[in-house]
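Let's walk through how to read strands, a helix and a loop residue from coordinates. Here is the model we'll be using.

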Amino acid sequence: MYEKKYGNYVDMQNSDEQKDKIKGVKFLKRLRAALVLIMIALSLLVVLSAADIAVCGQVHGDGIVCRKIGVITKEERYRDEDGKPKAVHKFTDIRNGDILVSMSTHTLGWRHGHAAIVIDAERGITLEAALWGKPSEKMRMVHWASYANAIHLRVSEDAAASALAASGTARDMDISASEQLGCLAAAFAKEYEDGVMYGLFTGIPEKSPMPEELGRTQCAYLVWYAYHQLGIDLDSDGGWLVTPRDIADSEELAVVEQFGDYEYR
């Protein structure tokens, strides 16, 4: 009887030891997997940081400084000796609905750029979706004067006339078709796109929801959406993600002026 009980006790001890060993092995495997993931993440961060440094080095010019504007986003601007943005460009002939694009902004090596729509030309006010986690907002256009590069765009007269005719909108013969459509786009943006939260993947799954259902936006999408509601598609590649470069490449737009050495067209 004693030997049987002792044998059961030994078996239980062996069983507990085996369970402990199994737990230890599982823990080591999980730890190893976690360390591998951490190493991969660190390696990727190093590569992307190196790419971002290289992107910063692509823009040259006296007074141009590449600086962080977010956790992982940087931009090039002209700055004075105190590091404050320095207005260098002077925009002319600004109208409501005009579009501004700069390729001075980049994130982890991707030069995605930034875009805005003019909603009050007289006061120099734009509507922009600028940063992750923040809503779109009205901004003073003067900050565009310090970007390392920028292009000023406007819907062409032919494209505007066609869009107005297709929608059945009565023409205002006192102004050009382009100016009329620009005023409509600016008014739409002010009513439906001000205060909309930033969303990087805006356009998935519904690229063009009803205005009342618009819950997310980003800089280029904000511009695209206002004109898309009026019958003009400014997304030059037709993909689900609208980028500032897509806007700048649109054949529906005419160049008013551009600054810096970036080749937009």
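Q: Which sense of pairing do β5 and β6 have, and over how many bridges?

A: Strands of a sheet pair through backbone hydrogen bonds, either parallel or antiparallel. Here β5 and β6 (residues 125-128) go antiparallel, over three bridges. Two strands count as paired if DSSP finds at least two bridges between them; helices (H or I, at least four residues) and strands (E, at least two) are DSSP runs, numbered from the N terminus. V118 sits opposite T126 in β6. The β5-β6 hairpin has four residues between the strands, and G124 takes a positive phi near 70° there.

Q: Before we go on, what kind of model is this?

A: It's a predicted model: local features need pLDDT of at least 70, side-chain atom pairs count only at pLDDT 80 or more, and totals for chains, interfaces and linings use all residues. Residues are numbered from 1 along each chain as its sequence is written, and side-chain values use heavy atoms, with hydrogens and water left out.

Q: What else pairs with β5, and how covered is β5?

A: β3 (residues 99-102) pairs with β5 too, antiparallel over four bridges, with L100 and A116 as bridge partners.

Q: In what order do the strands of the open sheet come?

A: The order is β1-β2-β4, three strands with antiparallel pairing. β1 (64-68) and β4 (105-107) are at the edges with a single partner strand each, so one side of each has no neighbour in the sheet. β1 and β2 (residues 73-78) are joined by five bridges, and R67 faces E75 in β2.

Q: How do I read a helix like α4: how many of its residues are buried?

A: An α-helix has 3.6 residues a turn, so residues three or four places apart point the same way. In α4 (residues 219-228), nine of the ten residues are buried, including Y221, W224 and Y225. At its start, a side-chain oxygen of Q218 comes to within 2.9 Å of the backbone nitrogen of A220.

Q: And the loop between β3 and β4: is S104 buried or exposed?

A: S104, in that loop, is buried, with a relative accessible area of 0%. Its side chain reaches the backbone nitrogen of A148 at 3.4 Å. Leaving aside neighbours within four places in sequence, S104 is in contact (heavy atoms within 4.5 Å) with several residues, among them K74, R111 and Y147.

Key:
Buried means under 20% relative accessible area, exposed over 50%, partly exposed in between (1.4 Å probe, protein chains only). A polar contact is a pair of N or O atoms within 3.5 Å; within protein, one must be able to donate a hydrogen and the other to accept it, and residues adjacent in sequence count only if both atoms are side-chain atoms.
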